[in-house]
Amino acid sequence: MAKRLPSEPAIEKAIRGPRDSFIEDIYDNLSFIRKRLPDPNLKADETIVGRRSQTKVAVVYLEDVTNPDLVLEVKKRLAKIDIDGVLEPGILEEFMKDNKRTALPLSLVSERPDNICRLILEGRVAILVDNSPQVMIVPVTLNDLYQTPDDYYFDYWAGSLIRMIRFLGNFLAIGMPGLYVALIGSSPQLLPISLGLTIAGFRVGMPFPFYVEVLLAEIMVELLREAGLRLPPGTNQTLGSTIGIIVGLAFIQTGYISTPTLIVVGISAIASFSSPNYAIGLTWRILKYMVLLGSSILGLYGFILSGIFILAHISGLSSFGTPYMAPWGPWQTTGVLDSVVRAPHWLRLKRPGAAKPNQPNRGNKYPKE
Amino acid sequence: MDRLTSKLFIPILMLSFVTFGLSFDRFIIDRSIGVNAYLIIFIGFLITITGLFILKSLAIKYPDRSIIGLGDKLLGPIGKIGTPLWFILIFLLTVVLARRVTDEVSTVILFRTPGLVSILGYFLIVGYMALLGEEALGRLSSVLMMAIPVFLILLVLSFREINFLNIHPVNIYRNLGYLRKWDLWLLIFTPVWILSAFFGTESIRNEFKKVILTIIIGTLILGATFLAIAGVFGPRGIERYQWPVMSLMNITEFASSYLFLNAITTVFFFVFLALSLVTTASFLIFLAKGLGEFLGLKNNQSKIILLAITAGLFALTAIPSLINFLETTSLLLKVASIYTPIYILLIWFSSLLRRKDH
C-alpha cells in the first residue's frame with residue numbers, strides 16, 4: 001500500500017528542531033520514536049481495538065521510568081473499549097477520559113516525534129493508532145498543553161518569555177470580551193474617566209446593547225475562522241482577511257457594532273491562537289462564551305464568579321489519576337520549574353511529578369563552572 | 001478517618017483561616033475591647049495550638065475515626081446531641097460569612113441588582129465547588145495560595161499610614177482591660193478547629209510541624225492586618241466601616257493613578273471573593289460529609305444532603321431580618337467559636353478515660 005512520506009508538521013510548526021512528523025503507518029511511527037530513543041527499555045505493546053476496523057494500537061513507554069500502574073491502567077482502559085471502528089486517536093481519547101463530561105482535553109495529541117519522545121522521557125505513555133499521524137500522550141496536565149519543543153531548543157530566557165506570552169494570550173482570549181462587558185455594563189466607574197467617555201461616545205446611537213454587540217462580533221469572527229479552514233488553500237488567507245475587513249468596516253459604518261467592541265473582539269481572536277494546542281484553544285473558545293454570559297448577567301461579579309467556576313472545574317479534573325491543575329494544585333516543584341517559566345536544563349534534574357515516574361531523577365550531570 | 005494529604009489540606013487551612021479572620025474583623029476589633037485589642041490574638045493562638053495537640057493525640061489514638069465518629073463513640077448520648085448542635089452553629093456561621101461577602105458585593109459592584117441575585121450566584125458556585133469534593137478544593141486552594149501575597153502587599157503599603165497613638169504600643173502593661181475580651185479572638189480560629197478536626201487527621205498525625213507553621217504564618221498575617229486596621233482607623237474609627245480590610249485599601253492611597261488603583265481593587269476583590277468561596281465551600285463540605293457520617297449515609301446520599309444544605313444556606317442567607325439579628329447580637333459568633341473547642345475538649349477528656357481503641 002502506498003505511503004505518504006514524512007513531511008513538515010502541519011499544525012505544530014517550530015522555528016528550531018526537526019522538520020519531520022508522524023505519518024499514517026503505525027510501524028513507521030514507532031521507528032521514528034525508536035530512532036530518537038534507541039533504549040532497550042523502550043517498550044511497545046501492541047493491541048487491537050475496534051471489532052470491524054481491527055485497528056492496531058501500540059502503547060509505548062520506557063519500562064524502567066514509567067510507573068507500571070499507569071501502564072496497567074492505560075491497557076485496562078483500552079481493553080474496555082468495545083466499538084466497531086477506531087479511525088483516529090480522538091475516538092480513543094473520548095473513551096479513555098477520566099471525566100467524560102468536561103470540554104477540556106485530558107490527553108495531549110501531537111504530530112511531532114521529538115515532542116512525543118520528550119514526554120516519554122518524563123515517564124508518560126504514548127498511544128499510537130494505525131492510520132493516524134497523531135500520537136496521544138497520557139497523563140497530561142493543563143500546563144503540558146502550553147509546552148512546545150521550541151521552548152526547550154531556545155535558551156531558557158526565550159523559552160520562558162514565549163510561555164508567559166502564551167498564558168497571557170489565553171487569559172486575554174477567554175477573559176477580554178467578558179471583562180469588557182462587565183466594565184462597560186456594570187462597573188464603568190472602574191475605568192479612567194477619559195476612557196469611559198471615549199467608549200461611551202463611540203456607543204452613542206448603537207441599536208443593540210453592548211453584550212449583543214460583543215456576541216455579534218464574536219459570531220462574525222467564528223464564522224470567518226471556520227470559513228477560512230474550508231476555503232481552498234491559497235485563497236483562504238486573501239479572502240478571509242478581505243472579507244473580515246469589509247464586513248468589519250460595514251458593521252462600524254452602519255452603526256451595528258462600535259469600534260471599541262471590534263478592537264476587543266479582534267484582540268481576543270488573535271490571542272486565542274497563542275495556544276500551541278488546538279484542542280485547548282477550542283475549549284477556551286467555548287468557555288469564553290460562558291464568561292461572557294456571566295458578565296452579561298452579573299457584571300464584574302459574574303466575571304469573577306465564572307473565572308472561579310472555571311478554576312474550580314479544572315481543579316476537579318484528573319488525567320489518569322494525575323491532577324490536571326498540577327504543578328500548581330497540588331504544588332509540585334519539579335513541574336513548576338517547567339511551567340510559566342521554563343527553568344534552565346541544568347536545573348531540571350528531576351522529572352515532573354505529574355506521571356509519578358519510577359525514576360524521579362533524570363540522572364543528568366552538568367559540569368560545574 | 002484520613003481525609004486529605006497535607007499537600008492539599010494545608011492550603012485549605014491557610015486560606016480558610018486567613019479569609020475567615022479577615023471577614024469577621026469588624027466583630028473582633030471594636031472600641032469596646034480597647035486600643036491594645038490586637039495583642040490578644042496571642043491568647044487565641046495559644047489556645048488553638050493547645051487544641052491542635054489534643055487533636056493530634058486523638059488522631060494517634062483513633063487513627064481510623066473522624067471527630068464526628070469519635071463524638072458518637074466516646075460521648076454516647078451527649079455526642080448524639082452535641083454533634084448536631086455543632087452542625088447548627090457552623091451552619092449559622094456559614095450563613096453570616098456568606099451574607100457578609102454578598103452584602104459587600106451589593107455595595108461595591110452590584111448596587112442596582114437585588115441582593116438575592118448575588119446570593120444565588122454565590123451559592124451556585126459554592127455548591128459546585130463543594131460537589132467537586134475536598135480534593136478538588138485542596139487543589140484550588142493550592143492555586144489560590146499564590147494570591148496570599150496580594151494581602152501582604154496591601155499590608156506593607158498600609159503600615160506607613162499607621163498612627164501610633166491609635167494602637168498605644170507603650171501602653172501594653174498599663175491597660176490590661178482588653179484581656180477580658182479574649183473569647184472574641186477564638187472566632188477567627190474557628191476554621192482551624194473545624195478543618196483540622198475533620199479534614200486534617202492525617203496531616204496532624206504525620207505533618208504536625210507543617211500544620212503548626214501554617215497557623216503561625218496565618219496568625220502573623222491576621223495579627224499584622226488587625227494591627228494595621230487599628231493603627232490606621234483607631235478603635236472608634238473602625239465602627240464606621242462595615243469592611244475595615246476593604247476600607248484600608250482606599251485609605252492607604254498607594255496608587256496615584258486612578259486606573260491602577262481600580263485595577264488593584266478589582267484584583268483584591270477577585271482574590272477575596274475567591275478565598276471566601278473556598279472557605280464557604282470547605283464549611284459546606286464539612287457540614288454535608290459530617291452530617292452524612294453522623295447519619296451513616298452512603299457517599300451518593302451525602303451529595304443529596306450537600307444540595308439540601310446549600311439550598312438551606314441560600315434560603316437563610318436571603319432573609320434580611322435574620323441576618324441583621326445575628327449580626328447585631330454577635331452572640332452566635334461567640335457561642336460558635338467557644339463551643340467548638342469545648343466540644344473537642346470534651347471528646348478528648350472522654351478518650352482519656354477509655355483504653356486505646358484497637
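**Close-up views of a predicted model**

**Figure 1. Surroundings of Ser23(B) in the predicted model.** Apart from neighbours within four places in sequence, the residues in contact with Ser23(B) are Leu97(B), Arg100(B), Trp243(B) and Phe272(B). The model shown here is predicted. Ser23(B) belongs to helix H1 of chain B, which covers residues 6-23. With a relative accessible area of 0%, Ser23(B) counts as buried, because the cut-off for buried is under 20%. The side chain of Ser23(B) also reaches back to Thr19(B), at 2.7 Å from the backbone oxygen of that residue. In an α-helix, residues three or four places apart point the same way, because there are 3.6 residues a turn.

Figure 2. Helix H4 of chain A spans residues 113-121. Eight of its nine residues are buried, so the helix is largely enclosed by the rest of the structure. The buried residues of H4(A) are Pro113(A), Asp114(A), Asn115(A), Ile116(A), Cys117(A), Arg118(A), Leu119(A) and Ile120(A). Gly123(A) follows H4(A) and has a positive phi, near 95°.

**Figure 3. A nonpolar surface patch on chain A.** The patch is formed by Ile11(A), Leu229(A), Tyr278(A) and Leu282(A). Together these residues have about 400 Å² of accessible area. One of them, Leu282(A), is located in helix H11 of chain A, residues 278-315. The relative accessible area of Leu282(A) is 36%, so this residue is classed as partly exposed. That value passes the requirement for patch members, which is over 30% relative accessible area.

Figure 4. Chain B contains 17 helices and zero strands. Of its 358 residues, 59% are buried. Contacts in chain B between residues at least 6 apart in sequence join residues at least 24 apart in 86% of cases.

**Figure 5. Confidence of the prediction.** The average pLDDT of chain B is 83, and 87% of its residues score at least 70. For the complex, the predictor gives an ipTM of 0.90 and a pTM of 0.91.

Methods:
Residues are numbered from 1 along each chain as its sequence is written. Chains are lettered from A and ligands numbered from 1 in the order in which they are written. This is a predicted model: local features need pLDDT of at least 70, side-chain atom pairs count only at pLDDT 80 or more; totals for chains, interfaces and linings use all residues. Side-chain values use heavy atoms; hydrogens and water are left out. Patches are made of residues with over 30% relative accessible area and no salt bridge: like charges are joined within 9 Å, nonpolar side chains (Val, Leu, Ile, Met, Phe, Trp, Tyr) within 5 Å. Accessible areas come from the Shrake-Rupley method with a 1.4 Å probe; for residues, only the protein chains shown count as cover. A salt bridge is a side-chain nitrogen of Lys or Arg within 4 Å of a carboxyl oxygen of Asp or Glu. Helices (H or I, at least four residues) and strands (E, at least two) are DSSP runs, numbered from the N terminus. Buried means under 20% relative accessible area, exposed over 50%, partly exposed in between (1.4 Å probe, protein chains only). pLDDT is the predictor's confidence in each residue, from 0 to 100. A polar contact is a pair of N or O atoms within 3.5 Å; within protein, one must be able to donate a hydrogen and the other to accept it, and residues adjacent in sequence count only if both atoms are side-chain atoms. Contact means heavy atoms within 4.5 Å.
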